[in-house]
Amino acid sequence: MKRRIKLKGHIKSFIHISLYLGVLLLVVDAAMFMVDLRAGLLLSGYTILYFAITLYLYFFNKPLIMNELVSFATEYGQIQKKLLREMDLPYALLDDTGKVIWTNASFEAVVHQPKGYSKSFTGLFPSMTRDRLPDDNGMDEAQYELEYEGNVYIAKFRKVSLKEMAGHSDIIDADGYDSYLIAVYLYDETALHIALQEVDDQSLAVGMIYLDNYEEALESIEEVRRSLLIALIDRKINKYILAIDGICKKLEKDKYLVIMRKKALSQLQENRFDILEEVKTVSIGNEMKVTTSIGVGVDGLSYAQNYEFARNAIDLALGRGGDQAVIKTPESVIYYGGKSQQVEKNTRVKARVKAHALREIITAKDLVLVMGHRMPDSDSFGAAVGIYRIAQTLGRKAHIVLNEVPASIGSMVDLFHNNPEYSEDMLITGQQALDLAGGNCVLVVVDVNKPSITECPDLLKVCKSVVVLDHHRQGTETIESATLSYVEPYASSSSEMVSEILQYIVDNIKIRSEEADCLYSGIMVDTNNFMTKTGVRTFEAAAFLRRNGADVTRVRKLFREDAFAYKAKADAVSQAEIYRTDFAISVCTADDLPNPPIIGAQAANELLNIKGIKASFVLTDYQSKIYISARSIDEVNVQIIMERMGGGGHLSTAACQMEGVGIIEAIGALKDTIDTMLENHEI
C-alpha cells in the first residue's frame, strides 16, 4: 500500500477550514428550509456550488501545497546545514567509537584537515583517549582543555542519542537500536590563556640566599683578603639577580633577600640555579669553597605568605645540608642541587646549647620515652640507649620503644636482657608506650625525622612534648611542632650527636660499658667503619666513648654475621649489573634471613669497592615491599635519586621503599630515574 505524506497540526486545520465552513453552511441551509422553502432551495444550490468548488480546489491544490511544503522544508534544511557548515565555532560529529564523521569549515581550519576527514579524533588530539569521551556508562557530557599547534582549546563533548530519532523514522526499525553520536565544540581559549599566564608570570616570588660556610671560608684565607672575597661574592650574587630583573638586598653579612617575578624564577629553574656552582668558583686563595643555600616562596595567597614560604624553604635547604635551592609552593616542594657534602662545624656551641635545652625539657617531665625508626639499626638503637642514660642520670623513668628486634641489633639488645643493672621494662612495645604516654611525658625521637617511618607514629599524636635528634637530611615530611629539634646533616650518625650531648648534660657523667659499646657501634655502622662521613668531631665522640669503656673487640663481635647472611651478601655483590658504566645495580635474595634489607645495605657498601663505580643500588624483596639501598662515595648524590622515588637519606647513603611492584618493575623504575636525572644534569 502506497504511503502518503499527511498533514498535522495547525496547517492541517488551516487546509480543512473550508470543509468545516461547508458543514456549517449545510446546517444553515437546513434551518433555512424551516423558514422558507424557496430560500432553502436557493441556498442549497449555493451550497452545492460551494462544495463543488471547495472539493475541486482541495484535491487539486493539496498536492501542490504539499510539494511546496516539502520544497520549503528541504530548502530550510539546506539553509540550516549551510549555517552550521559556515558557523565560526569549530564543530564536529563523532560516532560512538570516536571516529570523525562530519566537520564544519571552522573545525577543518583549526585542525588543517580537508572536508571529509574520517579518522579517529585521537589522531588529532592524542590526549583524548576513548575512555575520556561520553559513553554508555552515564557520562553524557565532558569538558577538557586541549592543546593543538600551540593553541589552547576548551573542548566540550555532548552525547546525542539516536534512539528517539530512529523511533520516529518510517524507514528504520527502532527496536533494540541504542546508538549515539558525539557532538564536539572547540572554544579557543588561547588569548585568555596567554593573558592569565602573563598575569601569573608577573606575580611576586620571594627568595632568600644564605652563605652556608661564611665564617669557615673567611678563616681559610689571610685577613687582608677577606673583604675582597666578600665583595666578589656580593658582586656575583647581585649580578646574577640583576640579570633576571630582580632585586637583591643584603640583610646580614651572609644573608640576602631577593624579590623577583615568577617568570624570572622559571629562568632560574631552567638553569637549575647555576648560581650554586658560580659562587663556588670565587677563589682568591681560600682553601674552602663558599657554598650557598637558596629558599624561594611562590604562589602564596599574599606577599606575606610567599615570604613565609621562603623562610620555610631556606630552613629546609639548610636542614638538608645546604648547597641547594628549595622552592616551596602551597602544593609542593622542589629541590635543586645538593651535590656537596656539608662542611662539618668545628664549634660545639650548638651541641652544648641543645644539651642544656634537652636537660630542661627532661627534668620538667616525669617520664621519658625514646623512639627510633622502624626496623632499627645500630645507630638508632645506640642513640636511644644514650638518651636512656641521660634520663637515668637526671633521675627520670625512661623506656625505649622497640616493637621488633631485627637480627642486626639482636646482639646489642641481648646486652640489656637479664642484666641486673637495667630494669625489665627498659624495652617496651609501641602499644605499651601509648598506654604510658600522657601530659607529663616527653618523647625523644632519634635517627629519624619522618613521622611515617617511626617505630610508633601514634605516639607523636599523643605526646605533646617531642624532641627530635637526627642526622638525616630533612625532606618534605617532617615532625611538626617539635619542642626541640636538633637535626644536623653534617654529623656522621645520631650516636655521634648523642655522644656529644652526653658530655654537656652533667659534669663527669658516668656511662656503662654496654651503653658505650652501643653508641660506638652506631657510629661504626653509619660511617662504614670510619670510612664515610667521618670528621674531627666523629673521632672526638669515639674517643669519649673509648674513655668511658667502649671496647673495639667487643663491638667487632657484635657485628659478626652468620654464614647464610655472608653468603647472601656475597651473591648480591657477584651478580651486580654495571649500568651506564658508573652505577652498580643488584638484587639481594635473602628470603630465609630475618632482615634481608640490612644485608642489601651491606652489599651496597661492598659494591662501592669496585673501581669506577660512582653509586650502588641493591634491591630486596621483603614483606611485600621492595627495599632499595643506595650508596655512593662522593661523586653522586644518591639522596636526590631516592627522593625522586619516594625515599630519602643522605648525600652518600639513602634508601626508599616501593609497594605494589615486583623486582623487575622496580629495577626498571630505578633505571628510568637515573636516565632522566642524567639527561637533566641533576646528577
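How many bridges join E22 to strand E23, and do these strands run parallel or antiparallel?

Reply: Two bridges join E22 to strand E23 (residues 653-659), and the strands run antiparallel. This is a predicted model, in which local features need pLDDT of at least 70 and side-chain atom pairs count only at pLDDT 80 or more, while totals for chains, interfaces and linings use all residues. Residues are numbered from 1 along each chain as its sequence is written, and side-chain values use heavy atoms, with hydrogens and water left out.

Strands (E, at least two residues) and helices (H or I, at least four) are DSSP runs numbered from the N terminus. Strands count as paired if DSSP finds at least two bridges between them. Within the pair in question, Gly 649 stands opposite Ala 654 in E23.

The pair belongs to an open sheet of six strands, ordered E18-E19-E20-E21-E23-E22, in which the pairing is mixed. Strand E18 (577-579) and strand E22 (648-649) are the edge strands, each pairing on one side only. Helix H24 (residues 663-679) lies across E18, strand E19 (583-588), strand E20 (615-622), strand E21 (625-632) and E23. Helix H24 runs at about 155° to E20, where axes are lines fitted to C-alpha atoms, for helices over the stretch in contact (heavy atoms within 4.5 Å), and angles run from 0 to 180 degrees between N-to-C directions.

Salt bridges (a side-chain nitrogen of Lys or Arg within 4 Å of a carboxyl oxygen of Asp or Glu) also involve residues beside these elements. The side chains of Asp 582 and Lys 614 form one, with an N to O distance of 3.8 Å. Asp 582 is in the loop between E18 and E19, whereas Lys 614 is in the loop between helix H22 (596-607) and E20; the pair links distant parts of the chain, 32 residues apart. Asp 582 is partly exposed, at 21% relative accessibility, and Lys 614 is partly exposed at 27%. Here buried means under 20% relative accessible area, exposed over 50%, and partly exposed in between (1.4 Å probe, protein chains only).

Salt bridges that share partners also join Asp 200, Lys 262 and Asp 299 into one network.

The side chains of Arg 272 and Glu 682 meet at 3.3 Å, N to O. Arg 272 is in the loop between helix H9 (262-270) and helix H10 (275-280), and Glu 682 is in the segment after H24, so that the pair links distant parts of the chain, 410 residues apart. Arg 272 is partly exposed, with a relative accessible area of 24%, whereas Glu 682 is buried at 10%.

Asp 234 and Lys 250 provide a further example, their side chains meeting in a salt bridge of 3.0 Å, N to O. Because Asp 234 lies in helix H8 (residues 223-242) and Lys 250 in strand E7 (residues 247-252), the pair ties together parts that are 16 residues apart in sequence. Asp 234 is buried, with a relative accessible area of 16%, while Lys 250 is partly exposed at 32%. In total, the count comes to 23 salt bridges.

Lastly, Lys 557 lies in helix H20 (residues 552-558) and is exposed, with a relative accessible area of 52%. A separation of 8.8 Å is found between the C-alpha atoms of Lys 557 and Ser 411, which are 146 residues apart along the chain.
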